[in-house]
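Work through the following exercises on the interface between two protein chains, and compare your steps with the solutions.

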Amino acid sequence: MSEPSKDGPPTPLSSSQPSQKSMTKAERRELQERQRAAKAAQKQQQGQGQGQASSSASSRSKAQGAPQKKSESGRPRASSSAAPTSSRDVGGAARDGSGGIDSEGPKTRGLRIFSHFGLPKTSGHQVKGDIHPAIIRLGLQFSEFKICGANARCIAMLTAFKTVIQDYTTPAHNTLSRHLMTYLSPQISHLVAARPMSVTMGNAIRQLKLEISGSDIDLPEQDAKDALCHIIDNYIRDRIIIADEVIEDLAVKKIKDGDVVMTYARSSLVEKILIRAHALNKRFSVIVLDSRPLLEGKTLLRTLTSTTPPISCTYALLPALPSLIKEVSVVLVGAHSLHTNGSVYSRAGTAMVAMLAKEHSVPVMVCCETYKFSESIMLDAFGKNELAPLKFSPPEAPKPHSNLEVLDPLYDSTPPTCITAVVTEVGLIPPTSISSIPLALGKTSL
Amino acid sequence: MASDPQMLANQRIVEDLASRLRRRQVVGSRQAALETLLVLRQVVSRARFSNVDQLVDVIRSVGRRLVDAQPKGRAHSFLYEYADFNHGSFITGTSEHSVGNTVRKVLHHIREEYHTATEGSTPAPAPTFSIAKFVSQGQPRKQQTVQKNDAAKVPLKENDPDDPDSFARTLKPVLMEAIQDVFDELETVYDNISKNAKDHIHSDEIILTLGKSKTVESFLKAAAHHRNYTVIVAETAPSFVFSSFHDHGLTRHFTRYGGREMAKSLSSAGISTFLVPDSSIYALMSRVNKVILGAHAILANGGMFATSGALLAATAARAYSTPVVVCAGQFKLTPLWNLYHEYGALDFGDPSSVLGFEEGDLVDKVDVVNPYYDYVQPELLDAFITNYGDHPPSSIYRLLKETYDDEDNEL
């Protein structure tokens, strides 16, 4: 699994678990904890499943509950219900979903195949254990979507970790390299409880773990902490900030005078690229497409029109896309993460923009730093997704009841066939080549 | 003839409907078709004619007036700026195609009645050719044969110099019946489309639909009597739905997201419903078994105009090889082509529903585009379910040939 701390209990299906010997003590302890948690969850799940079977609400809910139960207990899956790739995620995510149901009471969530999306988190979740105030604050900002976007969340998390590390003191009879991670783990779980972790956060945490376990035991504590903070700073600088600048340089070259650039929702990187191109006196116009639930395009629109002279912008909602696509010379979109098979996991709606652009032979460029790479395959955005919190559903929207569910998925997955190029800091590459870049795999740290 | 008080009365009702169409007070294809039919019935009942060509001319001029009255994209004042989006020529510019279609259909029926009346016992023109009749065999389709026998009994005299009204007097009862037939067809259109709903929706299927379409709504509800299935409704921003405007024509309540109304209505009928934003159509498509759409107008090539968002859904469906089924009444068949696949019907909606005036600082800096309709190519569609049976897009042209007369394609 690409994000060990996120996915929680290793389902028996995941085989990528490193052997126990190669793990540090901290990692082993963490693994034990996770397995214990998994067992508990499994028990609970089975109990729930049996209860459901005995009450036998309707034949349908049973049928759809079954595959989920099976994935939890590791028995062979029913072939009908889920695509093979999503099964891996369904295990982890389904647990979140059912956990949500448990805490929300016995409210039925309609069709079972959607249950693994998990309920949108309510903002005031409890603080369990010894959580640093900076993390509590960040958790709130995440769950309220005050900090939103893969880059922003990763930077915010790493910055908070710096505070946490500085405030940390190694207990007696322990070493920083062994103990710090056990201190950080609950902090991370707190953030995950606030909002499911982004791939970027997972990658950064993995790198951080590696650095912590590799830090010298003989180093004085303060020096070790300073060294870690320095490493974090470097990570933010190298993998995000400098990477963005390189991507801006590369992408700006693809915008020519007279072009019409289409973008969907708001990517911080695309925003920077457009501002940069404008600063270079390129004459182009922008079509900003947008959609519920988040309507982030309005924020982008505000930034673009506040330049002098304002960039000429057209704003439309997603259904207007077919009417506009003929005008477009290039589509620039951001990404949440990039997967081994070349699919791009991004804000829901991106896939349709890319699909239609491909149909009209308009190049689609995905702007994405290499640290967003995730070592997993994603065939559709069904296995793993996240729902927008209820505060984004407008007041005039119908309220959910027994027959009506309001689903606001946040992400979708664009197949590599719809993407012309991925603009990364190592150059413009086809989406399927991302796995051949060692940097993206984290094999070398800059 | 123009000074005739009856003609003046005719003109008044025509102008009344024309202005209501122009102000978009008549919304919805079926509503427009019904209103047109009411006007035509009045016009025919008051018209004075001594041969069939005069009658056809009267009806055609009314039809032309109504079609011309409607809002056209070019003259539309809602869009802040659309000069950039205004090239290419468009055959189709009217918003309610069903007005013209109804006129064509009435003309077709009038000619049919005239032929049977003049040629006596000649059977209706080659019924064996008709695929519509072939598909809908056994369907109680207007008792034409019964009426014809009555009509044939009185000998018709055209252009009788002694009694110029005799032609009209003989033919009018038959014509009124023919118009009544069209009327009945419109009244029962939803029931007839929904009749076979259970054959199209199977148990435990997941159906995706878009926005609010009365036809689709009744189709899905009819299927729910027999099947247990799930509907995902995309809310189609910012489509307008005028609900409950029957009162006085002016008390209109519209919602920005037709899908929300649809989801409310379907779930209250006991169908398990999911309401999703348009953005997640692609993400959920992998689990959808069938996409069921409503149409605004079905074109001669088998393509259609439908609420904007339909093209996205149909394209996404093709990416996943999901069948796309269109439910539409036959009055939506339009003998037009959309050769320039540019902007749907070139009909734009109110931009304030996309970017409201509460975003005041943005409004004057930004162009906002809000098209009403998408043009969906026939390649993306799998079947049309009409009140005249189910047809693939490739046989729509045949259906058109049977429904309308060629000379009426241009009113």
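This is a predicted model: local features need pLDDT of at least 70, side-chain atom pairs count only at pLDDT 80 or more; totals for chains, interfaces and linings use all residues.

Residues are numbered from 1 along each chain as written, chains are lettered from A and ligands numbered from 1 in the order written, and side-chain values use heavy atoms, with hydrogens and water left out.

**Exercise 1.** Determine the extent of the contact between chain B and chain A.

Solution. Taking contact as heavy atoms within 4.5 Å, one finds 59 residues from chain B and 59 residues from chain A. The buried area (accessible area, 1.4 Å probe, lost on putting the two parts together and summed over both) is about 4900 Å², with 62% given by carbon and sulfur atoms.

**Exercise 2.** How many salt bridges cross the interface of chain B and chain A?

Solution. With a salt bridge defined as a side-chain nitrogen of Lys or Arg within 4 Å of a carboxyl oxygen of Asp or Glu, the rule finds two across this interface. One of them joins Glu235(B) to Arg292(A), whose closest N and O atoms are 2.6 Å apart.

**Exercise 3.** Which strand of chain B pairs with strand 3 of chain A?

Solution. Strands are DSSP runs (E, at least two residues) numbered from the N terminus, and two of them pair if DSSP finds at least two bridges between them. Strand 3 of chain A (residues 312–317) pairs with strand 10 of chain B in the parallel sense, over three bridges. Within strand 10 of chain B, Val368(B) stands opposite Tyr315(A).

Terms used
Helices (H or I, at least four residues) and strands (E, at least two) are DSSP runs, numbered from the N terminus.
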